[in-house]
Structure formats: structure tokens, C-alpha cells
Amino acid sequence: MNDGYQVLSLDDLDRLTSTDGTLTLLPLRRTVGFRPFGVNAWLGARAGDHVIERHHERDGDEELYVVVRGRATFTLGDETFDAPEGTLVHATPGTLREAIAADDDTVVLAVGAKPGKPWQPAAWEDFFVAFAHRAAGRTDEARALVADTLARHPGTWQGPYNAACFEALEGDDDAAFAQLRVAYERAPALIAEYAPADGDLVRLQSDPRWRELFG
Amino acid sequence: MTHLHIDELDRIQLDDGFEWRPIRRRFDIRAFGVNAYAPGASGRVVEEHSESELGHQEIYLVLRGRARFTVDGNDHELGPGELVFVRHPLLRRGAVALSDDTVVLALGGKPGAAHEPSAWEAMFAAVPAARAGRWDEAIRIHEEALAEQPGSAPLLYNLACMESRGRRPLDAILHLQQAVARDAKWAEYAARDTDFEPIRAEPGFPA
């Protein structure tokens with residue numbers, strides 16, 4: 001082995017589970033330091049698990065999903081279809097996409113970037129790791145990574161939005177609302193759509209400041 | 001088409017003995033480089049090469065079968081779900097299949113740069129037409145690629161090859177001259193390239 005290349009199995013990667021337990025990331029890009037564009041794998045350990053979350057990539061990312069192992073039921077726009085091992089799924093920016101594992105131990109590779117723009121590491125990767133640290137009880141490590149990620153992604157809505165989720169889970173409502181306000185100012189329509197459906201923020205909804213922010 | 005199986009991709013047998021299954025062109029992906037490869041007559045599944053010209057980082061992921069990768073002189077046998085990430089563009093890399101059903105997914109791009117389709121994709125895509133002597137089709141594939149990457153010397157050179165074989169000597173001379181104007185190495189290549197036999201004696205042939 002040398003510094004110029006690396007050999008590994010997707011099974012060697014960490015398995016990082018989202019706070020609500022619905023998603024498991026195998027952080028390929030971050031682990032090897034691949035820089036040209038985004039590439040990660042997602043695991044559906046049991047049939048019925050989400051393997052790709054329901055989302056749209058409204059910020060302009062074009063994506064290709066590759067079913068590396070197992071079988072998934074994909075939804076792309078209005079279409080739902082069976083995707084056995086070896087299936088390629090292309091999603092243009094803004095198109096609804098989602099995948100549910102149809103077999104146990106399903107692995108889907110996700111590749112993504114914005115056409116015509118140099119790729120930069122997205123904040124969500126580091127936030128996903130930070131939330132996994134928190135779930136494992138490594139709160140200080142998680143908080144340090146949240147702060148570092150916020151500093152490296154100034155001006156985005158994703159940074160303060162994820163920081164708001166983190167603070168809400170930690171029980172610091174003042175800090176959570178401060179971050180949520182910043183995120184809302186940067187992307188009001190998206191935050192107004194995402195926040196009410198986000199399990200991390202449920203507890204905040206009874207706070208008067210929630211009504212003040214979202215009406 | 002928004003989804004298909006790797007076995008439904010086009011299968012283009014290349015002279016180097018491996019099979020190219022174009023993914024990026026099939027879906028018209030603009031944001032990143034992605035293709036699949038399978039073994040051809042030689043058993044090779046990834047051509048031996050470096051990325052010194054393009055400066056790409058690459059990931060090769062075995063989707064099916066087994067392959068022996070050789071990277072920087074070191075051998076590694078990989079099965080499904082295993083991958084090699086080649087960080088350094090100058091390292092030579094290649095792979096031979098260890099089973100007939102092997103398929104390898106290749107991802108590549110240049111760090112810090114917006115993705116541009118590689119010129120070789122048009123050249124590979126034109127292989128079936130060129131092999132069948134359908135020169136107008138081979139020329140059209142290169143012209144379409146050039147429209148997206150005006151001034152690409154590799155594309156100009158290969159367009160000139162197709163035009164020479166397709167009996168369009170004036171176009172071939174013009175495009176070969178344009179390639180040479182961008183890099184003199186293309187004149188050296190043209191001097192020994194049999195594609196240019198039909199026009200080698202023409203005025204203005206740059207070699």
C-alpha cells in the first residue's frame with residue numbers, strides 16, 4: 001500500500017446511523033478523501049429500511065444511484081420501480097427520489113455533484129458524522145465537529161439548520177432557535193418545509209418562538 | 001430513460017480488448033465522470049493507464065465477478081463491493097477480469113474543477129461506426145463533442161482521422177492543422193497514424 005492509492009471494501013467503512021435510526025451511511029468519500037465529487041454508500045440493513053431518504057436535491061445536484069448489493073424499491077418523481085443489484089438510477093436536480101430496501105443488507109452507492117461547478121465537500125457529511133458521535137455519547141467530539149463544520153461552510157442554510165437540530169437534541173433551545181432563525185433567513189421556503197417535518201425539532205414546536213418564526 | 005440495469009447498457013468492444021459500457025453518455029450526466037467496464041477478448045477489464053493528462057482521481061468499484069487490479073506495480077484481487085481509490089493521477093493502474101461476468105464501475109474527475117466530459121468518450125462512442133465504415137456517423141459524434149468542448153485538440157485530431165478515412169480531405173487537413181496548432185505532438189502522432197494515409201500527400205498535411 002502507498003499514499004497514492006487505497007484498496008478497501010464497502011464493508012470496511014464505518015456504519016453511521018442517523019439520529020432517528022432510519023438511515024445508515026457508509027462514508028466512502030470522507031474516509032478516502034475523494035475530492036472531485038460526492039460519492040457515498042447507504043445501507044438498508046433490513047428489508048423495509050430506508051436506504052435513500054426521500055428528498056429532491058433542490059440545490060442543483062445531479063445524482064446517480066447504483067444498487068451494489070441486494071434490492072431496493074426506488075421512487076423517482078411519479079414512478080416507483082424495482083431495482084435489483086446492478087441497477088443504475090439517474091436523478092436530475094429537483095426530482096423527488098427515495099429508496100426502500102427490498103432485501104436485507106442492501107447497499108446503494110450515491111454519486112452527486114452540480115453540473116458546471118467545481119465540487120466542494122458538503123456540510124451534511126460532517127453533520128452526519130457529528131450526529132453519530134452524539135448518538136454514541138461522544139458529545140464533546142460532536143460539538144467540536146459541529147462548530148468546525150459551521151466555520152467551514154459560511155453562508156449556507158444547511159450549516160445553521162443542522163446546528164439547530166443538534167442544539168435541539170442537546171436541549172439548548174435558545175441556541176437552537178438562534179441557528180434556526182439564521183437558516184430561515186437564508187432559505188425561508190426550504191426551512192418552512194423541512195422544519196415542521198423534522199423529528200429533531202419536534203420539541204421546539206410548542207415553544208412560542210416557533211410560531212413567531214413560522215406563523 | 002431514468003433507470004436501467006448494467007447489462008442493458010451499450011457494450012462497445014474496444015481494440016485494447018475490453019468492453020466499455022457508457023453510463024455518463026447514456027444518461028447525459030454533466031456533473032461527474034462515470035462508466036462501467038467488462039472484460040473483452042483479452043480478459044482486460046480496465047486498460048493500463050495513468051491519469052497524467054487529465055489529472056483525475058479515480059475510484060474503481062467491482063460490481064460483479066472478480067478482477068485483479070495492478071496499481072503502481074502492486075496486485076490486488078477484488079470482488080463485489082471492493083474498490084480501489086487511486087488518489088495520485090500519475091500512478092499506473094489497470095485490471096484483468098478473473099471471471100467472465102465481471103463488471104467494474106469507474107468514477108473519475110479532477111479535484112477543484114467543474115466536470116468536463118473526457119474527449120476519449122466520443123472516440124470510444126464512435127468506434128462501432130468507424131469499424132463499420134459509417135464515417136458520417138463517426139464524424140457527427142466527434143462534431144457533437146467538439147461543440148461542447150470547442151478547441152479540444154484530442155477531439156480535433158480524432159475528427160481529422162474520421163474525416164480522412166471518410167474521404168473528406170479538406171476538412172481532415174483543417175482539423176489536423178488546428179490540433180497541431182494547439183500541441184505539436186499531434187503532428188508526430190499523425191506522421192505514423194495509418195488513418196491519414198489517404199491525405200498524407202495533400203498540401204498542408206502537417207508532418
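Colleague: How is the expected span of a helix worked out?

Modeller: The expected span is 1.5 Å times one less than the number of residues in the helix. The model here is predicted. In it, helix 3 of chain A, residues 139-152, has 14 residues. From its first C-alpha to its last, helix 3 of chain A reaches 20 Å, close to the 20 Å expected at 1.5 Å a residue.

Colleague: Which residues of helix 3 of chain A are buried?

Modeller: A residue is buried if 20 or more other C-beta atoms lie within 10 Å of its own. In helix 3 of chain A these are Ala142(A), Leu145(A), Val146(A), Thr149(A) and Leu150(A). Seen down the axis of helix 3 of chain A, the buried residues fall within an arc of 135°, so they line one face of the helix.

Colleague: What does the face turned away from the buried side carry?

Modeller: That face of helix 3 of chain A carries the exposed residues Asp140(A), Asp148(A) and Ala151(A).

Colleague: And what covers the buried residues of helix 3 of chain A?

Modeller: The cover includes helix 2 (123-135) and helix 4 (158-170) of chain A.

Colleague: Into which domains is chain A divided?

Modeller: There is domain 1, residues 10-113, and domain 2, residues 123-214. Their C-alpha centres lie 23 Å apart.

Colleague: How many residues of the two domains are in contact?

Modeller: In chain A, 10 residues of domain 1 are in contact with 10 residues of domain 2. On the domain 1 side, strand 2 (16-17) and helix 1 (28-32) of chain A are the elements that give two or more residues. The residues of that side divide into 3 nonpolar, 3 polar and 4 charged.

Note on methods:
Residues are numbered from 1 along each chain as its sequence is written. Chains are lettered from A and ligands numbered from 1 in the order in which they are written. This is a predicted model: local features need pLDDT of at least 70, side-chain atom pairs count only at pLDDT 80 or more; totals for chains, interfaces and linings use all residues. Domain bounds come from an automatic or database domain assignment. Two residues are in contact if their C-beta atoms, placed from the backbone, lie within 7 Å. Helices (H or I, at least four residues) and strands (E, at least two) are DSSP runs, numbered from the N terminus. Ala, Val, Leu, Ile, Met, Phe, Trp, Tyr, Cys and Pro count as nonpolar, Asp, Glu, Lys and Arg as charged, and the others, Gly among them, as polar. A residue is buried if 20 or more other C-beta atoms lie within 10 Å of its own, exposed if 12 or fewer, and partly exposed in between; C-beta atoms are placed from the backbone. The arc is that of the directions from the helix axis to the C-beta atoms.
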